[in-house]
Amino acid sequence: MKLLAIFLSTITIAVSALALPAQAETVCKVTDPTGTPLNVRDRPNGRVINTLRNGREVRIDDIASDEQGRSWAKVGSYQNGRYRVWGWVIREFISCYNR
């Protein structure tokens with residue numbers, strides 16, 4: 001009897017999971033309004049270590065604030081089949097939407 005209850009519970013959970021709507025994928029892109037490449041820094045408000053062009057798809061890995069209260073995003077993306085962490089950028093220059 002206990003085994004039957006466990007089996008039925010497992011089936012109910014599995015069927016419920018199949019009925020859930022698919023989650024939308026969140027896509028983020030560099031959207032610097034100046035049109036120039038976006039500076040990437042080694043830490044929030046730190047040393048410039050790279051730049052990213054507008055339209056580059058990125059993933060936000062972390063969010064932090066600097067001493068002035070500005071929001072920064074630690075971003076990364078896939079390049080040549082491997083995930084690369086680029087560094088920190090001003091959060092307002094990254095736009096995200098659901099695909």
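Mentor: Let's start with burial: a residue is buried when its relative accessible area is under 20%, exposed when it is over 50%, and partly exposed in between, using a 1.4 Å probe and protein chains only. Keep in mind that this is a predicted model, where local features need pLDDT of at least 70 and side-chain atom pairs count only at pLDDT 80 or more, while totals for chains, interfaces and linings use all residues. Residues are numbered from 1 along each chain as its sequence is written, and side-chain values use heavy atoms, leaving out hydrogens and water.

Trainee: Let me try that out. Is aspartate 42 buried or partly exposed?

Mentor: Aspartate 42 is partly exposed, because its relative accessibility is 31%. For the protein as a whole, buried residues account for 23% of the 99 residues.

Trainee: On to charges. How many salt bridges does a search of the whole structure find?

Mentor: The general idea is that side chains of opposite charge can pair when their charged atoms come close. A salt bridge needs a side-chain nitrogen of Lys or Arg within 4 Å of a carboxyl oxygen of Asp or Glu. The search turns up four of them.

Trainee: Which residues are linked in a network of salt bridges?

Mentor: That would be Asp42, Arg43 and Arg47. Aspartate 42 meets arginine 43 with N and O 3.1 Å apart, and aspartate 42 also pairs with arginine 47, where the closest N and O atoms are 3.9 Å apart. Arginine 43 is partly exposed because its relative accessible area is 48%, while arginine 47, at 55%, counts as exposed.

Trainee: Where is the place of aspartate 66?

Mentor: Look in the loop between strand 4 (57-65) and strand 5. Aspartate 66 counts as buried because its relative accessibility is 8%. Its salt-bridge partner is arginine 70, at 2.9 Å from N to O, and arginine 70 is partly exposed at 33%.

Trainee: What about alanine 64: which residues does it touch, not counting residues up to four places away in sequence?

Mentor: Alanine 64 sits in strand 4 and touches Pro44, Arg70, Ser71, Trp72 and Trp88. Take tryptophan 88: in sequence it is 24 residues from alanine 64, yet their C-alpha atoms are 9.1 Å apart in space. Across the protein, among contacts between residues at least 6 apart in sequence, 45% join residues at least 24 apart.

Trainee: How many residues has the largest nonpolar core?

Mentor: A nonpolar core is a set of buried Ala, Val, Leu, Ile, Met, Phe, Trp, Tyr and Cys residues joined through side-chain atoms within 4.5 Å. The largest one has 15 residues, and Val30, Leu38 and Val89 are among those with the most contacts inside it. Strand 1 (26-30), strand 2 (38-41), strand 5 (71-79) and strand 6 (82-90) each supply at least two residues of this core, with strand 6 giving the most, four residues. Beyond four places away in sequence, valine 89 touches residues including Leu38, Val75 and Ile94.

Trainee: Last one. How many aromatic pairs does a search of the whole structure find?

Mentor: It finds one. Rings of Phe, Tyr and Trp (its six-membered ring) pair if their centres lie within 6.5 Å; planes under 30 degrees apart count as stacked, over 60 as edge-to-face and the rest as tilted. The rings of tyrosine 78 and tyrosine 83 have centres 5.1 Å apart and planes at 70°, so they are edge-to-face. Tyrosine 78 is exposed at 59%, whereas tyrosine 83 is partly exposed at 28%.

Key:
Contact = heavy atoms within 4.5 Å.
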